[in-house]
Amino acid sequence: MKLCSCSMTYQNSKLSDKPNEDYFICDDERHIYILVDGVSRDKIEGRYPNPSPARDVSEIFAHTVYEYLRLHAGHTSVMEAVGIGNCEIAKYNEKIKWENDFLPGTVGIVAIIEDRVLYYCYIGDCYGLKISQAGEKYFFTECQTNLIARYGKKFTAYEIRNKICNHKEHPYSYGVLNGDVNAMDFVVSGRIEIDNDEKIILCSDGFDDLVKNYSGTDLYKMSLEEMERKTENKDDKTVIVIE
């Protein structure tokens with residue numbers, strides 16, 4: 001199956017000194033696609049950390065996973081690759097020895113396509129969807145942060161980061177790849193069949209309003225530039241379209 005992808009990333013418009021913490025890798029020859037979104041950091045003395053450790057761990061994870069999948073061809077390696085990527089984040093965080101409780105982390109989607117089947121793993125609040133030429137839209141990911149976004153005001157930042165994040169037993173829990181082995185409890189894997197006339201869209205949550213509010217017919221026809229113009233989210237925005 002011959003694949004062709006197009007991709008683009010846009011820096012946020014929230015803060016002038018906040019770098020783009022999204023990162024992606026596309027390999028149409030090997031059918032490997034990785035998209036990650038670094039978790040935003042706290043300001044330090046009124047300024048956003050730049051270079052950002054969230055950007056660092058996003059790059060570390062993406063390249064670790066890619067190199068593993070490149071050398072260990074096959075969809076059965078995807079979950080293992082994610083685990084190894086999380087271990088590399090742990091090494092980074094241990095080396096830096098963060099003095100606060102908020103370890104740098106990232107979320108995202110890893111996908112590999114074999115014989116008209118897309119195999120994927122995801123964690124967090126990025127989006128993966130399949131769109132047919134007829135306009136049918138199917139999400140194969142679920143946003144893991146919906147509950148904490150709704151009820152998060154009940155908790156302190158410390159509680160969210162240390163008692164809820166990566167704690168499966170909490171009713172509002174969600175996952176972040178920050179080197180914690182418990183993050184792997186939140187990695188969801190699956191597979192979907194794809195046809196020649198279908199498109200796969202992978203995107204960070206900066207495009208959430210777009211993929212939720214526009215029809216499959218509209219999304220199928222949109223260029224990357226149109227996608228950016230039509231979204232109002234001010235966060236970093238990254239998208240991969242595979243066809």
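R116 sits in the loop that links β4 to β5. In this predicted model, its phi is near 65°, a positive value in a residue other than glycine. R116 is partly exposed, and its relative accessible area is 39%.

## A cis peptide bond

If you are checking omega angles, go to the step from N50 to P51. That peptide bond is cis, with omega near 10°. P51 belongs to the loop running between β3 (32-38) and α1.

## Helix α2 and its surroundings

Helix α2 covers residues 78-96, 19 residues in total. From its first C-alpha to its last it reaches 27 Å, close to the 27 Å expected at 1.5 Å a residue. Just past the end of α2, K97 has a positive phi of about 55°.

Which residues of α2 are buried? They are V78, A81, V82, G83, G85, N86, I89, Y92 and N93. An α-helix has 3.6 residues a turn, so residues three or four places apart point the same way. That is handy to keep in mind when you follow the buried positions along the helix, for example V78, A81, V82, G85, N86, I89, Y92 and N93.

What do the buried residues of α2 pack against? Their partners are helix α1 (53-71) and the strands β4 (106-114) and β5 (117-123). The loop between those two strands is the one that holds R116.

## The five-stranded sheet

Now for the sheet. Five strands make up an open sheet, in the order β1-β10-β9-β6-β7, with antiparallel pairing. The edges are taken by β1 (5-10) and β7 (137-139); each has a single partner strand, so one side of each is left without a neighbour in the sheet. From one strand to the next, the twist averages 15°.

Strand β1 pairs with β10 (residues 237-242) in the antiparallel sense, over six bridges.

How values were computed. Residues are numbered from 1 along each chain as its sequence is written. This is a predicted model: local features need pLDDT of at least 70, side-chain atom pairs count only at pLDDT 80 or more; totals for chains, interfaces and linings use all residues. Side-chain values use heavy atoms; hydrogens and water are left out. Helices (H or I, at least four residues) and strands (E, at least two) are DSSP runs, numbered from the N terminus. The expected span of a helix is 1.5 Å times one less than its number of residues. Buried means under 20% relative accessible area, exposed over 50%, partly exposed in between (1.4 Å probe, protein chains only). Contact means heavy atoms within 4.5 Å. Two strands pair if DSSP finds at least two bridges between them. Axes are lines fitted to C-alpha atoms, for helices over the stretch in contact, and angles run from 0 to 180 degrees between N-to-C directions.
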